[in-house]
Amino acid sequence: MNRFNDKVILLTGASAGIGAATAKRLAAEGGQLFCLDVVEEGLNQTVADIKNGGGKAEALICDVSNVDSVKAAVTACLESYGRIDVLVNVAGVIKLDHAVNITDELWHRMISINLTGTFYMCRECLPQLEASKGNIVNISSTSAIRGLPYGIAYGASKGGVSALTKSIAVEYGKKGVRANTVCPGSILTNMQKDSGLPDDIDWNLIPRISALDEFGVPEDIAGVVAMVASEQDGKHITGTELIVDGGTVA
Ligand SMILES: NC(=O)c1ccc[n+]([C@@H]2O[C@H](COP(=O)([O-])OP(=O)(O)OC[C@H]3O[C@@H](n4cnc5c(N)ncnc54)[C@H](O)[C@@H]3O)[C@@H](O)[C@H]2O)c1
């Protein structure tokens, strides 16, 4: 399939996990990738993997929580490719802990990267997406749909991502711009290892059994992003939350 031939895709969180897998999938389908992240080594690896596979990609260090960094990244993407057809916001961070232990600093870090960063990227790209009749895919989480124990800040940030995406979908639908979220369940990435669950939690709150009884892998999310972002398969999908969790919230 080459659903992204001649399409320019701006993607955040491209250094690892879901973002790296999604960048590679979209490039393998003909997309021209402009990859953003704060981790240079991972970014270089993702670009090298895409180029080794015969794809086209460029990369830039960008902190999505910094508006000047976001503006510079969008400008650089336009200088390289001249347009933006698809924006995929994957960058995110997590720290799980008892609600009373979430400090101001942790709260603001999760909100500013996960939510405000997504907002900055969408706001700066919307004029370009309106011109190209493009679309946005924001990576939210099943924590936006049902309570995640020890995830008060992370869940709030992802609930915000889902809400802002629906708002864009209805505001920009008639202008030809679609906007959707993909909500992963438990996917095996660094984030699973870095979530930092404390030792003294109530483990009875944790098991939320997947119907498939297994973790997902980043490629499971990448395939769904490709489907919804493509005009071929996703053109009638907007304002929705695509849950990819092996049936966990069912
Ligand atoms: N892994 C899961 O189980 C899971 C479940 C639901 C949702 N998600 C979401 O999927 C997305 C990707 O997570 P992942 O599991 O691949 O984790 P990951 O840690 O492998 O990837 C996150 C990426 O975001 C980048 N990043 C962090 N802060 C940034 C910033 N300020 N600016 C730009 N880039 C930044 C990191 O460097 C990293 O490359 C996140 O938004 C996460 O919340 C993951």
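Here are legends for several close-up views of a predicted model.

Residue numbers start from 1 along each chain, following the sequence as it is written. Because the model is predicted, local features need pLDDT of at least 70 and side-chain atom pairs count only at pLDDT 80 or more, while totals for chains, interfaces and linings use all residues.

**View 1**
Helices (H or I, at least four residues) and strands (E, at least two) are DSSP runs, numbered from the N terminus. Two packed helices are described by the angle between their axes and the distance between the axes. Axes are lines fitted to C-alpha atoms, for helices over the stretch in contact, and angles run from 0 to 180 degrees between N-to-C directions. Here α1 (residues 17–28) and α7 (residues 218–229) have axes that come within 8 Å and cross at roughly 50°. That angle makes α1 oblique to α7; under 35 degrees counts as roughly parallel, over 145 as roughly antiparallel, 65 to 115 as roughly perpendicular and the rest as oblique. The crossing of α1 with α7 is right-handed, a word used if the near helix is turned clockwise from the far one by less than a right angle, with anticlockwise being left-handed. On the α1 side, the contact is made by Gly17, Ile18, Ala21, Thr22, Arg25 and Leu26. From α7 come Pro218, Glu219, Ile221, Ala222, Gly223, Val225 and Ala226. Two residues are in contact if their C-beta atoms, placed from the backbone, lie within 7 Å. By class, the contact of α1 with α7 holds eight nonpolar, three polar and two charged residues. Ala, Val, Leu, Ile, Met, Phe, Trp, Tyr, Cys and Pro count as nonpolar, Asp, Glu, Lys and Arg as charged, and the others, Gly among them, as polar.

**View 1. The shell around the ligand.**
There are 31 residues around the ligand, and Gly17, Ala91, Gly92, Thr189 and Met191 come nearest. A residue is near a molecule or strand if its C-beta atom, placed from the backbone, lies within 6 Å of it. Helices α1, α4 and α6 each supply at least two residues of this shell. Sorted by class, the shell has 15 nonpolar, 14 polar and two charged residues.

**View 2. Helix α4 alongside helix α5.**
The axes of α4 and α5 (residues 152–172) are 8 Å apart, and the helices pack at an angle of about 15°. That makes α4 roughly parallel to α5. Their crossing is right-handed. Among the residues that make the contact are Leu106, Trp107 and Met110 of α4, together with Ala153, Tyr154 and Ser157 of α5. The contact of α4 with α5 divides into 14 nonpolar, four polar and two charged residues.

**View 3. Helix α3 crosses helix α4.**
The axes of α3 (residues 67–81) and α4 come within 10 Å and cross at roughly 40°, so α3 and α4 are oblique to each other. This crossing, too, is right-handed. Val67, Val70, Lys71 and Val74 in α3 meet Tyr120, Met121, Glu124 and Cys125 in α4. The contact of α3 with α4 has six nonpolar, no polar and two charged residues.

Glu130 is found in helix α4 and is partly exposed, with 13 C-beta neighbours inside 10 Å. A residue is buried if 20 or more other C-beta atoms lie within 10 Å of its own, exposed if 12 or fewer, and partly exposed in between, with C-beta atoms placed from the backbone. Leaving aside neighbours within four places in sequence, Glu130 is in contact with Tyr172, Lys175, Gly176 and Val177. Lys133 sits in the loop between α4 (104–132) and β5 (135–139). Lys133 is not a glycine, yet its phi is positive, at about 55°.

**View 4. Asp213 in its loop.**
Asp213 lies in the loop between α6 (190–194) and α7. Its phi is near 60°, a positive value in a residue other than glycine. Asp213 is exposed, with 8 other C-beta atoms within 10 Å.

**View 5. Thr181 in strand β6.**
Thr181 has its place in strand β6 (residues 178–184). With 28 C-beta neighbours inside 10 Å, Thr181 is buried. Not counting residues up to four places away in sequence, Thr181 touches Asn138, Ser140, Val161, Ser162, Thr165 and Glu241.
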